[in-house]
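This report describes selected features of the structure shown below.

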Amino acid sequence: MGNRVVITGMGIWSCLGTTLDDVRQSLYEGKSGIIFSQERKDAGFRSPICANVPKVDLKPFLKRNQRQMMPEETQYAYMATRQALEHARLDQDYIDGHAVGIIYGNDSTAEATMVGLDKFRLTKSTSDCGSGAIFQSMNSTVTMNLATLFHLRGINLTASAACASGSQALGLGFLLIRNGLQECVICGGAEESNLYGIAAFDGLQAFSKREHDPTRASRPFDRERDGLVPSGGAATLVIESYEHAVRRGAPIIAEILGWGFSGNGEHISNPNVAGPVCSLEQCFLSAGAQPREVGYVNAHATSTPLGDACEAKAIAQVFGDYRVPVTSTKSQTGHEMWMSGASEIIYSTLMMKNDFIAGSLNFEAPDDETACINVVPKTIDTHFDMFLSNSFGFGGTNSTLIVKNLNK
């Protein structure tokens with residue numbers, strides 16, 4: 001099995017809050033972070049609904065020459081990572097003396113790329129792009145900036161896997177630590193929340209049109225679902241080998257037991273059932289666990305008709321007659337896309353550590369295809385010691401993680 005892999009720190013910048021305590025409270029109370037955006041309506045969006053992600057002020061923390069390298073998603077990731085390092089009691093002196101790595105999920109830098117190229121087209125001079133433009137516009141902007149700012153000398157890698165990016169980043173970190181190639185890796189996912197990052201996505205007609213009632217627009221598994229709601233932010237987790245965490249006296253929050261992954265190998269955007277089933281089954285094999293040990297499933301479910309139906313069938317196939325509680329926190333946050341695979345591990349861990357399951361907002365009744373699973377519509381107080389989290393993305397990329405509670 002190799003080294004045990006544990007979570008020792010978490011940080012979040014989300015439409016539900018910018019501290020772990022605020023996010024926990026929002027989850028428990030069933031708060032929605034979804035709003036109507038007049039800016040998007042005026043810009044010509046088919047769907048002007050989105051998450052309300054707080055802006056970042058980096059001036060108290062970083063110099064101007066550092067800030068100019070950082071687009072929106074990197075700013076979110078920086079704030080989430082500051083929190084996670086403090087939570088893990090991983091200070092700069094320790095980082096400077098050890099090979100701490102970083103693997104972060106990110107799959108777009110649309111606004112930064114657009115701004116730089118617009119300056120070039122306007123002035124006909126490449127120098128007018130700005131000295132920070134290239135560092136802002138690369139997909140690896142998060143890892144290159146954070147590795148530099150925090151002096152990280154271990155693995156330095158960006159996972160670009162669509163909406164599975166954050167989960168894949170954690171899975172890759174898990175494999176490196178399990179196999180003894182790293183002792184400590186900062187993992188996470190980030191998503192720009194500006195309108196340019198998802199304009200083309202809006203053009204696919206995949207977003208909910210329920211603009212008259214935005215907090216009820218994201219409704220995973222519900223028979224009235226009509227599309228997802230875009231969101232953004234960043235989530236960071238510090239993961240380590242168990243021995244390394246004990247050796248440095250770190251707070252041990254939970255253990256990552258297993259990672260499963262697969263590709264659908266079919267349509268570039270339409271999901272199927274076989275791919276997710278393979279990911280779940282591989283995850284259980286990796287974890288050495290059985291479905292009945294899982295007390296909660298945080299579903300990928302984005303509130304699209306076909307995607308939710310396929311995932312419901314996959315969960316039902318793998319879990320059989322065991323009616324495991326299922327929710328999608330995207331009902332509260334919208335779809336945090338490249339961030340979601342990491343943030344949903346944090347959301348689920350907060351539930352597990354605080355003995356509740358946040359209800360799947362706006363779930364009123366299933367349709368024929370989603371009735372096969374046990375969707376929890378309202379927050380319930382309950383104890384569980386193991387959860388499973390799914391993340392699926394365009395191109396048919398699937399990722400599944402299983403996490404176990406630890407009280408030491």
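## The second largest pocket

α4 (72-87), α6 (110-123) and α7 (133-137) each contribute at least two residues to the lining of the second largest pocket. Helices (DSSP runs of H or I, at least four residues) and strands (runs of E, at least two) are numbered from the N terminus. The largest share of this lining, 5 residues, belongs to α6. The second largest pocket has 21 lining residues in total, and Q68, A112, V115, K119 and Q136 are the nearest to its centre. A pocket is an open set of points on a 1 Å grid over the protein atoms alone, where a 1.4 Å probe fits, with protein on both sides within 12 Å along at least five of seven lines; lining residues have an atom within 4 Å of a point.

The model is predicted: local features need pLDDT of at least 70, and side-chain atom pairs count only at pLDDT 80 or more, while totals for chains, interfaces and linings use all residues. Residues are numbered from 1 along each chain as its sequence is written, and side-chain values use heavy atoms, with hydrogens and water left out.

The second largest pocket holds about 300 Å³ of space, a volume being the space filled by probe spheres set on the grid points, which are joined across faces, edges and corners.

## Helix α4

The 16 residues of α4 span 23 Å from the first C-alpha to the last, close to the expected 22 Å (1.5 Å times one less than the number of residues). Because 12 of these 16 residues are buried, α4 is largely enclosed by the rest of the structure. Buried means under 20% relative accessible area, with a 1.4 Å probe and protein chains only. Among the buried residues are E72, Y76, M79 and L85. After α4 comes R89, which has a positive phi near 55 degrees.

## The largest pocket

The largest pocket has a volume of about 550 Å³. It is lined by 32 residues, of which S269, P271, T304, G307 and F394 are the closest to its centre. Two or more lining residues come from each of α13 (305-319) and β14 (386-393). The largest share, 6 residues, is that of α13.

## The sheet

An open sheet of mixed pairing contains 11 strands, in the order β5-β4-β6-β7-β1-β8-β15-β14-β9-β10-β12. At its edges are β5 (156-159) and β12 (374-375); each has a single partner strand, so one side of each lacks a neighbour in the sheet. Strands pair if DSSP finds at least two bridges between them.

Strands β1 (residues 5-13) and β7 (residues 233-241) run antiparallel and are joined by 8 bridges. G9 lies opposite V238 in β7.

Terms used:
Buried < 20%, exposed > 50% of the residue type's maximum accessible area, 1.4 Å probe, protein only.
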